[in-house]
Amino acid sequence: YYKYVAGGGRVRKRNPNCHILNLLYVFSSPSISPSLQTPIPLPFFLLIFLAFPVTTVLPISIINFIMCGILAVLGCSDDSQTKRVRVLELSRRLKHRGPDWSGLYQHGDCFLAHQRLAIIDPASGDQPLYNEDKAIVVTVNGEIYNHEQLRNRLPNHKFRTGSDCDVIAHLYEEYGEDFVDMLDGMFSFVLLDTRDNSFIVARDAVGITSLYIGWGLDGSIWISSELKGLNDDCEHFQCFPPGHLYSSNNGGFRRWYNPIWFSEAIPSSPYDPLALRRAFENAVIKRLMTDVPFGVLLSGGLDSSLVASITARHLAGTKAAKQWGSQLHSFCVGLEGSPDLKAAREVADYLGTVHHEFHFTVQDGIDAIEDVIYHIETYDVTTIRASTPMFLMSRKIKALGVKMVISGEGSDEIFGGYLYFHKAPNKEEFHRETCHKIKALHQYDCLRANKSTSAWGLEARVPFLDKDFINVAMAIDPQWKMIRPEEGRIEKWVLRKAFDDEDHPYLPKHILYRQKEQFSDGVGYSWIDGLKAHAALHVTDKMMQNAEFIFPHNTPNTKEAYYYRMIFERFFPQNSASLTVPGGASVACSTAKAVEWDASWSNNLDPSGRAALGVHLSAYADTGGSAAAQAAKVSSSKMINNNNNNVPPRMMEVSAKEVAIHG
């Protein structure tokens, strides 16, 4: 961020002032361990800025987006200064989500706090947001992509800011509680109507943004972007259900998101590859609305590669290109020599992106596990496995001055992309499983993508979870999504075929038809093996024998799961906290129901894609036994090197010579 302020949006290679300011920013960034933070006040930055004048300073445009952490305490019995101080204290636990600005609004017994992620214009878009007479107050975490169209529907309203979220208060004035379905974007918000002290809370359709709700003994209702904002002060708390609205007027939840696919009825629309292609291109294009430096997360798999390809095609001519340049930046992370690194590098070369490749070691990941669990707020095994490299990468991306990335989450749930879908017995089971997977995204991939990036003040956008795109994709007769190897139809064939353009290819053929590789596998197979070996050193057989008594809910059935659960319980000891995490048997990220599709899977339960025996090209069985047997074969001394002089640097970046973003 300060790189771009100092360089006016253009970081010059030989501008030492930019690097000084950037280092100061990195050391002052919020992280998991408050003891490691080095808060540096803004006046100190200004002194540095004046002491080392910058050669060229170009103007930076006003920022209009609001991604942040929100905390609300509504209807509490204590409106004293002591309570205000406590709310501020809890709000600071969310500071990593919005390191640029913070504030607290109080109206009687209601408190609305926020930690804002922005760039430079503190006069525009600060929270809370209001209607004209300030009777309607809103604190929000999100992006409203259709805000310009919505403003046009409100000709008689005067807007105080250029924020995309400024429309929320005015829409409520005009349409009441029924306006939420008009919003196209990702969002969580609390709206307080001071005229009668009523309020509503809403979360986006599939839960891209994280949100929790809690209840205090004094009758208060608490809302927080993360668990850590309310777990110590509520008698009970839970995940705020995605696609729902909570209204104080009726005292309960109401589902505002009601698409046709939600009923799980089997659709019958014929497959139209061009319609699917257009819908996804539109979903990506609308997410190019940004006033900040941005890039794409590129693993080299189908989903992220398509996102990168479409972004590269449509970036030129956009407002973002005029501000930050038309050459796209891409980012990848993995163990040295991992499948993802190789594939991502090839895609980046094909698309002509400025590619940034980050390496981490197994020990790097293990050292970060506690930080990851604190930020991600889960003990789910596959989520932690995948979140750790994403967490490490996000820190590096943010240090480059980038504040937004576009990612490929959601495709596997919509199209049945996980390898276990090979065993779906019929189209009905296939479709129902995709519906269940989409409905649970807020507990898995959405949670990972949102919190891994927000931990470092980075925003992730996910075009596959665009409402309009989901409607198109989920209306396709699932017979077309079924995997038929004998017909040349592998997983996600309908998506691959839609972008298989011979005249204007989006991707090389072998990338377009690359087998599904789960992120936690693609960063390097030894990553998961190393985690299992590390857990085996810290969890004994005796501990596992008593697991059902120590953890009666979602009892861990592996040493790796037990290890994560111990860490989670240390940070979040309340029973309500453990109930926010899903459980059940799983193979290659399946639901418990889908495990029944293959009898052999029940003896090989592991969320890794390599547990899909007979499907994954490097399945556990193909390399010598079950998942448990493979873990036993891993030598911890090989996987976890602490003092080996031959070990490469702890975190390496291999990138273009000029790693900064240029206009």
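Contact here means heavy atoms within 4.5 Å. By that criterion, Asn231 touches Arg93, Phe237, Phe571, Phe572 and Gln574, leaving aside residues up to four places away in sequence. The model is predicted.

**Asn231 and its loop**
- Asn231 lies in the loop between β9 (221-224) and β10 (236-239).
- With a relative accessible area of 3%, Asn231 is buried, because buried residues are those under 20%.
- The side chains of Asn231 and Asp232 are joined by a polar contact of 3.4 Å.

**Helix α7**
- Helix α7 covers residues 273-286, and its 14 residues should span 20 Å at 1.5 Å a residue; the end C-alpha atoms are 20 Å apart, so the two values agree.
- At the start of α7, the backbone nitrogen of Leu274 has a side-chain oxygen of Asp272 within 3.2 Å.
- Buried residues of α7 are Leu276, Arg277, Ala279, Phe280, Glu281, Ala283 and Val284.
- The packing partners of these buried residues are α8 (302-314), α13 (411-415), α16 (467-474) and α17 (493-498).

**Helices α12 and α20**
- The axes of α12 (residues 381-399) and α20 (residues 525-538) come within 11 Å and cross at roughly 115°.
- The crossing of α12 and α20 is right-handed.
- From α12, Arg385, Thr388 and Pro389 meet Trp527, Ile528, Leu531 and Lys532 of α20.
- Sorted by class, this contact of α12 with α20 comprises four nonpolar, one polar and two charged residues.

Key:
Residues are numbered from 1 along each chain as its sequence is written. This is a predicted model: local features need pLDDT of at least 70, side-chain atom pairs count only at pLDDT 80 or more; totals for chains, interfaces and linings use all residues. Side-chain values use heavy atoms; hydrogens and water are left out. Axes are lines fitted to C-alpha atoms, for helices over the stretch in contact, and angles run from 0 to 180 degrees between N-to-C directions. Helices (H or I, at least four residues) and strands (E, at least two) are DSSP runs, numbered from the N terminus. A crossing is left-handed if the near helix is turned anticlockwise from the far one by less than a right angle, and right-handed if clockwise. Ala, Val, Leu, Ile, Met, Phe, Trp, Tyr, Cys and Pro count as nonpolar, Asp, Glu, Lys and Arg as charged, and the others, Gly among them, as polar. Buried means under 20% relative accessible area, exposed over 50%, partly exposed in between (1.4 Å probe, protein chains only). A polar contact is a pair of N or O atoms within 3.5 Å; within protein, one must be able to donate a hydrogen and the other to accept it, and residues adjacent in sequence count only if both atoms are side-chain atoms. The expected span of a helix is 1.5 Å times one less than its number of residues.
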